Amino acid sequence: MTEHRPSTFDKSLHAPVPLWRDIRVIQIVAQVAFLVAVVAAGFLLINNLINNLEASKISIDFGVLERPFGTKISEGQLDFNPGESSNWKALRAGLQNTLRVVVVGLAGATILGVLVGIGRLSTNFLVRSVAVTYIEIFRNTPLLVQLYFIYRGLRLTLPESLADSYRLPGPVFINRRAINFPLVQGTDTAWLLYAGLAAGVAVGIGLWIWRLRVQDRTGQPAHTVRWFVPAVLIGAAAGWLASGDPFTVDYPRLETFNFAGGDRLSAEYTALTLGLILYTAAFIADIVRAGIQAVPYGQIEAARAQGFSGGQTLRLIVLPQALRLIIPPLGNQYLNLAKNSSLGIAIGFFDVYNVANVISNQTGQSVALFAVMMLIYLGISLTISAIMNAVNYSMRLRSR
Amino acid sequence: MSGRTPEIYVAPTEAPPSRRPPVTSIGPLGWVRANLFSSPANSIATVITLALVIWFIVSFLSWSIRSAQWGVVYNNLRLIGSGLYDRREIWRVELSTGILVLLTGLSLGIWARVARAAFVAVLVTLGIILLVPILAARIPQPTIHTLIEPRKSPSDFVFVGYKGETVRFTLTPQTDLADLDEPAIGFIEMQARAEWSTQARQARAGDLDLAAYNLVVSLRLVDKTGRTVSTPDGPAEVRFGPDAPGGELEATLPADGWYVLKVTRDDEANGERDDNEGYAWLRIDGVELFSSQEGQTATREAEFGAPPQVERPLYAEEKAYRFEGTRTFGEFINLQIAPFFERIAMPLALGAALFANGWVIGVLGKRERVVRRWTLIGWLVATPVILIILRGFGGSRALPLVSTSVWGGLLLTMLLTIVGITASFPLGVALALGRRSDLPVIKWTCTLFIETIRGVPLITILFMAKLIVPFFWSGLSNIDLTIRMMIGLTLFSAAYLAENVRGGLQIIPYGQIEAARALGLNPFLTTTFIVLPQALRAVIPAIVGQFISLFKDTSLVAVVGLFELVGIVDTIVSGQPIYRPYQREAYFFIAIVYFVISYAMSDVSRRLETSGAGSLRQ
């Protein structure tokens, strides 16, 4: 090692850095090399794709979406005719089915997950153990196995022939094919009821705000709910009376080969939605548990000391703070649920993925269909992300 | 205040006598009060939950013990274990499993503190698994019922018996509706069930006169050579009829081997087919049912020779019978649990011994650098070595090629997982580093890759690997589906892993990097020796979580057409008609398999976290 003497400036020690050791040059060269490699690989692959498609006499043709779709889609869009409606319409029907599953699934999984997550922290030993067992079982087994167990295993215990369907009050008929239940439809005058209800809610909100003002001014208890509920009820009752008979109910009736009237949830839809709810709720429950546990115990003690009840502590002190920690991972679970809905293909549910798969099998246009499908799923994912980001932003900690 | 002289409080000079706390606040009663009935709301919750839990447990137990048919599981254990892997080459699967079990034991011994309770639990389980089949042999065999009809020639019943066993045959005539309605519990010949209900329907409709019963049947028990077995009361031969109703034929078998119960109706002997009227159950006690598995048939024939040739034989095979009614606990142990344990006892005991060996070496060599190093090297080398062992080479004599298309069951699930883990880990770390890079081209490429993969469902990627990849590179279409699925799973898992690792990279204080630079480490050395070790250690739980979900996600390749655990069960229950009604049992079983493995993985990860291990140099 030579001894450095900083006092004297020796120019030979400060020769310009050679190009191959200059970090700026290295970075630029590395990036260019990487870019060239990526572009070359991409070009090669695309070239291969074009050659192979030509060789197999298939060209990428998004026009397939205009061609008729041959298979029957058993649910969702009712104006769908196999053999006549276009593939495009089939995809739309599939997307509708996917959204039906995703929306119901999100709501169900959130409600169940929050309940189980709170139950997981209960002081009640039994409730706590049941919640833990539920979470561990559903988190540690694959969703596909759960779906098969529900769709193939549990469904086999239901009566096969329509005449033997389980009949619940309503009447609701349950058999292997579907759940048939009465459909409530609004009549021509139903708008009067809705108008009355809306007016009631508006007045109720007005009263709510007024009561809060009164509380601020006088310190009297606000009793907001005691004012709000009657206002809504009165509005709704007035609307109901004005409209005479706002609803007709269409009851399901057993005919020779099927049920007529009413509405139905197919076994596939029910199994997929139920499976997604049960699976995702287990993950949400754990997120909720972690979020609540992260709230310092002093906060709860302080709330108790201030005279808050258990429910009030949870609602007003714990949950608002926990939500900030809960929402980002919750958004991930929502994304997972939306993506997992594509497992409908395993149990024959016609979601958008299944429809696209059928089209791709019928036409051989797998490349085009996969492009469409990726766009659709990216679209769903981005929408959910955007909504969750907005919620996260609105829940952020506002420091003064 | 009120004019009274105020009393002055004088503190007692003695301590108050000590009292026991009230019974309701200590001991089990206190626990119940504090944990279950601390408030009215809590009490209500307890009662409701208790009712639900009891209902669930009772209905589950009653299903699994009294009516579930677990034969779909224990008759197909080979398929569930290794799929259609060549039976002659099965030692390769066993060797690979052995390597993995040994390595797992070694690693757990070195890095995880496995509680003593876990070992006790494993020992107890092993003991039960070894003991149950032995005990079950003492429980009497279930009853077998077969129906004798007036217009169909009865079958001769062929079975295997052991010396000293007592078999009993009873004929129960069906002479009135009460007899018909009496449930015949046990194994019923599948054909007989349909005939029986037809008869019952006809009797109720009045088309069948049950009073005109004149069925005469002779039973004769012969051994393989056709000689009538002799009993203390003479030859084992009996005749049932209206003049000699009821009664039974009981015989103690003189030797091990095949036996035949000859069943003859007297009108057959006379040549008059339609002479007899009436139905009767032939009830058979003390005969062991064979499993319908091919291997079991082969074993039986190897032991006792070919079965005797008879006209219209009816073998005492599970395939020909099904369980009717509800079974007792003894029958459950004997018919459902014991065969399963019998089949897994040997491999499980060997595996446990191997695991324990590895664990002991690991515990003893915890401080030895060489043991730790070789364990790590072992893991790195294990995957390619196992893949080579399992696949073999074309044209090789010692290791002939076994196409990956016949790999299946748990074997394939574990292979997909292990390959996925070992390949996606370096890729994920590279992607995470790339995404954090200062170089915009690399950064944006990695970000695009990660976000695209994370935005679409896994099943899309798997189908793409199946359908589209060959278009991009025709060389790939020759690569078989299994390898392509491994690549698909690896890419998918790597994208998620990259996000986990990125989380770890973000918590490394910038000072660490500056310090490394100041010490003269170049960026590569800084990343390798300063940043990554800290970042990875911080995200071990997330990484293990990702590996667990990779393990569960391998089930999706079933949808694409591989026969891993879910795929093979799918094939079993939809391909073999006799198992079609038992899908619940099959899926429940593999759910348990998945649960045990992923729960064990998450448990080890928790132990790693609390033991502060994960660091190789302490």
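What covers the buried residues of α12(B)? The cover includes α5 (90-111) and α13 (409-435) of chain B.

This is a predicted model, in which local features need pLDDT of at least 70, side-chain atom pairs count only at pLDDT 80 or more, and totals for chains, interfaces and linings use all residues. Residues are numbered from 1 along each chain as its sequence is written, chains are lettered from A and ligands numbered from 1 in the order in which they are written, and side-chain values use heavy atoms, with hydrogens and water left out.

Select residues 369-391 of chain B: this is helix α12, with 23 residues. Helices are DSSP runs of H or I, at least four residues, numbered from the N terminus. Buried (under 20% relative accessible area, 1.4 Å probe, protein chains only) residues of α12(B) include B:Arg372, B:Ala382 and B:Leu390.

Now centre on B:Ala382, where α12(B) has a kink of about 40°, the bend being the angle between axes fitted to the seven residues ending there and the seven starting there. Past the helix, B:Gly392 has a positive phi, near 75°.

Next, select residues 116-136 of chain B, helix α6. Here B:Leu126, B:Ile129, B:Val132, B:Pro133 and B:Ala136 are buried, and the buried residues pack against α11 (329-364) of chain B; contact means heavy atoms within 4.5 Å.

Note on methods. Helices (H or I, at least four residues) and strands (E, at least two) are DSSP runs, numbered from the N terminus. The expected span of a helix is 1.5 Å times one less than its number of residues. Buried means under 20% relative accessible area, exposed over 50%, partly exposed in between (1.4 Å probe, protein chains only).
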